[in-house]
Amino acid sequence: MAQEDVFKKLVSHCKEYGFVFPSSEIYDGLGAVYDYGQNGVELKNNIKKYWWDAMVKLNDNVVGIDSSIFMHPTIWKASGHVDAFNDPLIDNKDSKKRYRADVLIEEQMAKYDEKIEKEIEKAKKKFGESFDEAKFRETNPRVQENQAKRDALHTRFAKALNDNNLEELRQIILDEEIVCPISGTRNWTEVRQFNLMFTTEMGSTADGSMKIYLRPETAQGIFVNFLNVQKTGRMKIPFGIAQIGKAFRNEIVARQFIFRMREFEQMEMQFFVRPGEEMKWFEYWKAFRMKWHQALGMGAENYQFHDHDKLAHYANAATDIEFRMPFGFKEVEGIHSRTNFDLSQHAKYSGKKIEYFDPELNQSYTPYVIETSIGVDRMFLSTLAGAYTEEQLEGGDSRVVLKLPAQLAPVKLAVMPLVKKDGLPEKAREILNTMKLEFNCQYDEKDSIGKRYRRQDAIGTPFCVTVDHQTIEDNTVTVRYRDTMQQERISVDELHAMISKNVNNNELFKQLV
Ligand code: ATP
């Protein structure tokens, strides 16, 4: 199936099974804003718990906070967001559609990559076993030509971004003959900068209200609380502060479902270190965060690092962790070495001294910072994309199954009486009532067992147990495993331990420490 179709199916699956709904749907929705349904919120909470415990519980020197969304407006001046949190936008005069100029150029680069991949695929088929990809890349004229075009474009694009050269961005779009996908024309406006922060007003206008911003990242709430946490927690450098919370960006182009939203959630950690030690810690957190992703077992080949072409105004190193989405490898998490930029800026703008006295060095300094920043919603999307599977079964049947890591699955166990009589529903409820003390469970007695299994497969429930007449006699149930569809008879007394072992985050954490 084409990847585009997979993505479309995933989006409709999310809606049909209560994971994600368009926001304000009965009013025709609101661009790039989404609501999480009954299963979505469970998956989202499990992702957040996996992150929080991995960062705050496993690392002795990381603590959490929960800062507010509204903050003093000067914070955003100090952080550089008022002046520099911009995206370059361009309009097509015929379709009146708006695009991000950098994204148009990145898509053009991806087209060259696709052409190269196609040549390689063709050759692979032709030469079979004896195919030498490295040699083919070096010698095939069409591959060479496209690679040269791509490399030249990449160099020119990176320079234009770093120089903040908007005219050059436009010229690249013209030179590459990039057309608007709607009108098909090259009738482009100038490229302009567009600030992504939402504003609102605090206080009544009669009193003289203040213009404030909805935070575009949670990180600044951590920086402005650096001294509070360091002093009250008696924290010694190196240490980190983590938080999970909403962030808002007035994205120019909202596409790809929950990949790019205007209201989203971030899980961020700022790790404060001695100046000069930041590269060591950058490498440390890169490795730790990649392990966190890969522990979920969705295939190491589906992740890659991607170093930034353009460093943000505050960074001296930056990389993304990308996941293979149905629309290609895309950023899920950013790891940035932010120098001492933010703390210094807040010291300057607030007039307060923000320093740390290092007893070992017997000196005060402004700490350097390594940031790990992951979007909950993008993590949610990547998890679903990795889990969504359509399977053909024996006998011509098929099923859609979400092969979610059991630890993240919204429902852990479904309890089903075989028939609605002979005391089986009562026995099933009795089992449910003990299991629900610890696990999110569902009771289902409607339709055939086969149909009930399909419903649980579609939301990724790892275990179903069926209560039948034998259960009443010997207290055993049939457990049916989601991925293998195998069934096994086990004692009800063993059920709790079996589920606990599989859905507890401990097994994941063991891979991180
Ligand atoms: P992009 O280049 O895709 O716009 P970014 O580099 O601006 O992302 P960061 O500022 O590094 O993103 O934000 C950290 C993380 O927050 C991202 O890795 C992503 O997971 C998440 N994120 C950022 N913007 C959005 C958005 N509009 N919708 C959903 N998640 C987002």
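These legends go with a set of close-up views of the predicted model.

The model is predicted, with local features needing pLDDT of at least 70 and side-chain atom pairs counting only at pLDDT 80 or more, while totals for chains, interfaces and linings use all residues. Residues are numbered from 1 along each chain as its sequence is written, and side-chain values use heavy atoms, leaving out hydrogens and water.

**View 1. The shell around the ligand.** There are 16 residues around the ligand, and Glu 251, Arg 260, Met 261, Glu 331 and Val 332 come nearest (a residue is near a molecule if one of its heavy atoms lies within 4 Å of it). Sorted by class, that shell has seven charged, five polar and four nonpolar residues. For the bookkeeping, Asp, Glu, Lys and Arg are charged, Ala, Val, Leu, Ile, Met, Phe, Trp, Tyr, Cys and Pro are nonpolar, and the others, Gly among them, are polar. Helices (H or I, at least four residues) and strands (E, at least two) are DSSP runs, numbered from the N terminus.

View 2. Glu 331 puts a polar side-chain atom 2.6 Å from an oxygen atom of the ligand. For Arg 260, a polar side-chain atom lies 2.8 Å from a ligand oxygen, and for Arg 249 an N or O atom of the side chain is 3.0 Å from an oxygen atom of the ligand. The ligand taken alone exposes 590 Å², and the protein buries 85% of that. These areas come from the Shrake-Rupley method with a 1.4 Å probe; for residues, only the protein chains shown count as cover. A polar contact is a pair of N or O atoms within 3.5 Å; within protein, one must be able to donate a hydrogen and the other to accept it, and residues adjacent in sequence count only if both atoms are side-chain atoms.

View 3. With a relative accessible area of 0%, Ser 337 is buried (buried means under 20% relative accessible area, exposed over 50%, partly exposed in between, with a 1.4 Å probe and protein chains only). Its side chain makes a polar contact with the side chain of Asn 316, at 2.5 Å.

**View 4. Ser 350 in helix α12.** Helix α12 covers residues 341-350 and includes Ser 350, which is partly exposed at 37% relative accessible area. The side chain of Ser 350 reaches the backbone oxygen of His 346 at 2.5 Å. A polar atom of that Ser 350 side chain also lies 3.1 Å from the backbone nitrogen of Lys 352. Look for Ala 78 too: 272 residues away along the chain, its C-alpha atom is separated from that of Ser 350 by 8.8 Å.

View 5. The structure holds 46 salt bridges, a salt bridge being a side-chain nitrogen of Lys or Arg within 4 Å of a carboxyl oxygen of Asp or Glu. The side chains of Lys 48 and Glu 265 make one of them, at 2.8 Å from N to O. This pair links distant parts of the chain, with Lys 48 in helix α2 (residues 38-57) and Glu 265 in strand β10, 217 residues apart. Lys 48 and Glu 265 are both buried. Lys 49 and Asp 53 meet in another salt bridge, 2.6 Å from N to O. They sit four residues apart in helix α2, so about one helical turn separates them. Lys 49 is partly exposed at 47% relative accessibility, whereas Asp 53 is buried at 8%.

**View 6. Arg 156 and Glu 168 across two helices.** The side chains of Arg 156 and Glu 168 meet in a salt bridge, 2.7 Å from N to O. Here too the pair links distant parts of the chain: Arg 156 is in helix α7 and Glu 168 in helix α8 (residues 166-175), twelve residues apart. Arg 156 counts as partly exposed at 28% relative accessibility, and Glu 168 does as well at 23%. Helix α7 (residues 141-162) also holds Phe 157, which is buried with a relative accessible area of 1%.

**View 7. A salt-bridge network.** Glu 391, Asp 397, Arg 399, Lys 403, Arg 454, Asp 457 and Arg 480 are linked in a network of salt bridges.
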